[in-house]
Amino acid sequence: MQRQVALIKQSLFDQGYLDEQFMELEELQDDVNPNFVEEVATLYFKDSARLINSIDQALERGSFDFNRLDNYMHQFKGSSTSIGASKVKTECTMFREYCRMGNAEGCLRTFQQVKKEHATLRKKLEHYFQLARQAGPKETARRSK
Amino acid sequence: MATKSMGDIEKIKKKLNVLIVDDDPLNLIIHEKIIKAIGGISQTANNGEEAVIIHRDGGSSFDLILMDKEMPERDGVSTTKKLREMEVKSMIVGVTSLADNEEERRAFMEAGLNHCLAKPLTKDKIIPLINQLMDA
């Protein structure tokens, strides 16, 4: 079980879903908050779902207020950076570039990628945390630096 | 306050009282955890206006203020300027995004910061900086 958890986590890094910031968060876990990273991840997905919804609604209205869209994505990118969500962060950056260029089609296309990476990460992390909980709090292996 | 050399220290010897100013609840949780991990205590403000109110109401004297740059109602630049006008003597460290350009960072520094750090914040970034600022 421990090995499986470690391998799953390693693959998340190897495939570029997570970056070193996730490890920084894990290092903040202690006996008082043994599930700190999972709590942070839960908050991230709750908050980012709200942002996705706001952007979806703005795009569905057909109103390309690029400043507003950029502002939403700035928040989304910031949160993604804080949790180490590397692929999501990259797509957020692309979206913001299209906002700056005033490219509506680019925004629409990139936003689909943002949602796709976000959903994939959510699924993978939920699976990881579920296994990690089953393995026990002390058994979560660390990626060697 | 005795301190170890940079890179050796896991915690700050002096118990720092820190105000964390950020509109992102995720950042607030993470930065609070970092401050606790290095032996400090913290209070949070969800935006610059709250930070000003905390000081106006005669709130605690903070050793350090971590100031996010982009916030609604009152941003980090405006808040820093206001706090310095109020003669707040705390160390104020600005927290910027990598997307911010040199001009934006300079404007933030000129508002009255002691230093600037780029997100994401980590223990490795904060500890040497606090030591450096306290030794200065």
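**Entry 1: the S1–S2 pair in chain B**

I began with strand S1 (residues 17–21) of chain B, which pairs with S2(B) in the parallel sense over five bridges. I took two strands as paired if DSSP finds at least two bridges between them. Strands and helices here are DSSP runs numbered from the N terminus, with at least two residues (E) for a strand and at least four (H or I) for a helix. The model is predicted, so I note that local features need pLDDT of at least 70 and side-chain atom pairs count only at pLDDT 80 or more, while totals for chains, interfaces and linings use all residues. Residues are numbered from 1 along each chain as its sequence is written, chains are lettered from A and ligands numbered from 1 in the order in which they are written, and side-chain values use heavy atoms, with hydrogens and water left out.

Two facing positions went into the notebook. B:Val18 stands opposite B:Ser42 in S2(B), and B:Leu19 has B:Gln43 as its bridge partner there.

I then followed the chain from S1(B) through H1(B) to S2(B) and found a right-handed β-α-β crossover. Right-handed means that, with the strands pointing away from the viewer, the path from the first strand over the helix to the second runs clockwise.

**Entry 2: how covered is S1(B)?**

I looked up burial next (buried is under 20% relative accessible area, exposed over 50%, partly exposed in between; 1.4 Å probe, protein chains only). Five of the five residues of S1(B) are buried. In a regular strand the side chains alternate between the two faces of the sheet. On one side of S1(B) I listed B:Asn17, B:Leu19 and B:Val21, and on the other B:Val18 and B:Ile20.

S1(B) also pairs with S3(B), again in the parallel sense, over four bridges. Here B:Val21 has B:Met67 as its bridge partner.

**Entry 3: the whole sheet**

I read the strand order in chain B as S2-S1-S3-S4-S5, an open sheet of five strands with parallel pairing. Strand S2 (41–45) and strand S5 (115–118) are the edge strands, each pairing on one side only. The twist averages 25° from one strand to the next. Axes are lines fitted to C-alpha atoms, for helices over the stretch in contact, and angles run from 0 to 180 degrees between N-to-C directions.

Helix H1 (residues 25–37) of chain B packs on this sheet and touches S1, S2 and strand S3 (64–68); its direction makes about 160° with that of S2(B). Helix H4 (residues 102–110) of chain B touches S3, strand S4 (91–96) and S5, and its direction makes about 160° with that of S4(B). Contact means heavy atoms within 4.5 Å.

**Entry 4: annotated residues**

I checked UniProt, where an unreviewed entry marks B:Asp68 as "modified residue: 4-aspartylphosphate". Positions follow the numbering used here, feature names are shortened, and annotations may be inferred rather than shown by experiment. B:Asp68 is in strand S3 of chain B and counts as buried at 3% relative accessibility. Its contacts, not counting residues up to four places away in sequence, include B:Asp22, B:Asp23 and B:Lys119.

In chain A, the UniProt annotation "modified residue: Phosphohistidine" (unreviewed entry) covers A:His74. A:His74 is in helix H4 (residues 66–83) of chain A. Leaving out residues up to four places away in sequence, A:His74 touches A:Arg96 and B:Glu70.

For A:Cys107 the nearest cysteine sulfur, that of A:Cys99, is 3.8 Å away. A:Cys107 is buried, with a relative accessible area of 0%.

Methods:
Disulfide = S-S within 2.5 Å.
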